[in-house]
Amino acid sequence: MTATILIVDDDPVQRRLLTAAVERFGYRPVVAENGEEALTLLGGADGDNFAVVILDLIMPGLGGMAVLAKLRELERGTPVIVQTAQGGIDTVVGAMRSGAVDFVVKPVSPERLQVSIENALKLGALEGEIARMKRAVTGTLTFRDIITRSDAMERVIRLGQRAAASQIPILIEGESGVGKELIARAIQGGSDRRSKPFVTVNCGAIPDNLVESILFGHEKGAFTGAADRHIGKFREAHGGTLFLDEVGELPADVQVKLLRALQDGEIDPVGARRPVRVDFRLISATNRNLIELVKAGKFREDLYYRLNVFPIRVPPLRERREDIPELVRHFTARFAAEEKKTFIRGVSAPALQLLSRYDWPGNIRQLENAVFRAVVLTDDAVLTPEEFPQVTALLEGAPPPVRDTQPLALPVEPVEIAYGSHPANAAGNVAAVDQDGDIRPLVEVEAAMIRLALERYDGRMTMVARKLGIGRSTLYRKLKELGISDTVPGIAAE
């Protein structure tokens, strides 16, 4: 789903021009004829759906400056681009102090407007990520912080909001990487336990002999090596929420103690003389079918029914593809800031279409890593399909291309063919040693590999870059650095 841009202008000609420009840029425009209508839209239930506001400052009735002040009262963090025919310095300073992120003077050129929108989208994503991180740390993350546009996730959110209003045990089911912990944190943030401890335990990552001690705690001297008293995760979560991820991995003896903690609100620390009462909200998560584990005798049936009082299934990313563009834009803005690549403005429409076609078996975690890799490797302002060669290869049914950072599998014996001083054998492999038996410098091997690819694919740069596993911008840079661009015919034809 494309980003939605709210256009606020009392001039019908300006509204038509801005609407046409926004549509041409690939975004969805929504129009408001005055400030009052804009505030109604922004303050409504769908107000969070607007990614950017283009706001005229001079309007009859409620003007642009008044709208900015009202938005601050509503605590809407939507980036606002203001525009006016009067571009005095005092006006600019006043608008920016009131919360605008950019200022354009009518008539604005399409190129200037597009850059302003792209910068505002990136800034909005960064500010949203910072705010989410702060709320996650303080335990006040809510369902409004979840990036989604899909009906399937809206159902999850509705269930989570109902669950947050009670103390009922919750079981979150879903594949690895779908965001089960994020849902758990949002439930905590929407409950009366917000701002209280949120303690996470990955049950599958703890050795069996340490699970009981880590969860329930132990007294000093309770066993060999217990030099100090440890209160355990249950008591760390006292007053707040305990999130047990991969709960199906718990050993049988720990399952018994967990059942008692749920039934009686008491735990038995290892080596303690008496039980300890704890006040906690339990949210469990699993990527396995617990009922199958019950049938196989690996999970207690009575514990299963205690945990499965309020199940919530988080769908995999392939069942909510409309979320992919929003997530990609979010990750791109975040990693561009983290990697100090401020020249990256966004993601191209073909790249979003490519990523939306892939099934993402690793779900959001895999998508996040793919975008991270693309941001790190790119030298361009916009991510294109060429920054995602693995995804392209997987969709085409071919093995992923070899990355340009991986060592090349090269033959030992060089065989001179029609490449002059750039030896390769008849199969097209580049020689690793020269005629004297010495290892060739890496720069020579790299140049020979690129020349071979250029001849093999007739100078088609897109194909050459894809087969070498690098981006086109990287390929052009290497051609210039290695002095190849002036010596190989056919490059300039593309």
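Mentor: Buried means under 20% relative accessible area, exposed over 50%, and partly exposed in between, with a 1.4 Å probe and protein chains only as cover. Glu249, at 34% relative accessibility, therefore counts as partly exposed. Bear in mind that this is a predicted model, in which local features need pLDDT of at least 70 and side-chain atom pairs count only at pLDDT 80 or more, whereas totals for chains, interfaces and linings use all residues. Residues are numbered from 1 along each chain as its sequence is written, and side-chain values use heavy atoms, with hydrogens and water left out.

Trainee: Where does Glu249 lie, and what does Glu249 touch?

Mentor: Helices (H or I, at least four residues) and strands (E, at least two) are DSSP runs numbered from the N terminus, and Glu249 lies in the loop between S8 and H10. Contact means heavy atoms within 4.5 Å; leaving out residues up to four places away in sequence, Glu249 touches Cys203, Gly204 and Arg288. A polar contact is a pair of N or O atoms within 3.5 Å, where within protein one must be able to donate a hydrogen and the other to accept it, and residues adjacent in sequence count only if both atoms are side-chain atoms. The side chains of Glu249 and Arg288 make such a contact at 3.0 Å. Glu249 and Thr286, 37 residues apart in sequence, are separated by 8.8 Å from C-alpha to C-alpha.

Trainee: In what order do the strands of the open sheet run, and why is one side of S7 and of S12 left without a neighbour?

Mentor: Two strands pair if DSSP finds at least two bridges between them. Here 5 strands form an open sheet with parallel pairing, in the order S7-S8-S11-S6-S12. Strands S7 (198-202) and S12 (310-313) stand at the edges with a single partner strand each, so one side of each has no neighbour in the sheet. Axes are lines fitted to C-alpha atoms, for helices over the stretch in contact, and angles run from 0 to 180 degrees between N-to-C directions; with direction ignored, neighbouring strands of this sheet are turned by 20° against each other on average. Strand S6 (residues 170-173) is joined to S12 by 4 bridges, and Ile172 stands opposite Ile312 in S12. Helix H6 (residues 151-164) lies across S6, strand S11 (281-286) and S12, at about 155° to S12.

Trainee: Which residues touch the most other members of the largest nonpolar core?

Mentor: A nonpolar core is a set of buried Ala, Val, Leu, Ile, Met, Phe, Trp, Tyr and Cys residues joined through side-chain atoms within 4.5 Å. The largest here has 30 residues, of which Leu215, Phe234, Leu244 and Leu258 touch the most other members. Elements giving two or more residues to this core include S7, helix H8 (208-216) and strand S8 (241-245), while the largest share, 5 residues, comes from H10. A second, separate core of 24 residues includes Val328, Leu354, Val371 and Leu383.

Trainee: Which residues of H14 are buried, and what do they pack against?

Mentor: An α-helix has 3.6 residues a turn, so residues three or four places apart point the same way. In helix H14 (residues 349-357), the buried residues are Ala351, Leu352, Leu354, Leu355 and Ser356. They pack against helix H13 (324-338), strand S13 (346-347), strand S14 (382-383) and helix H16 (389-395).
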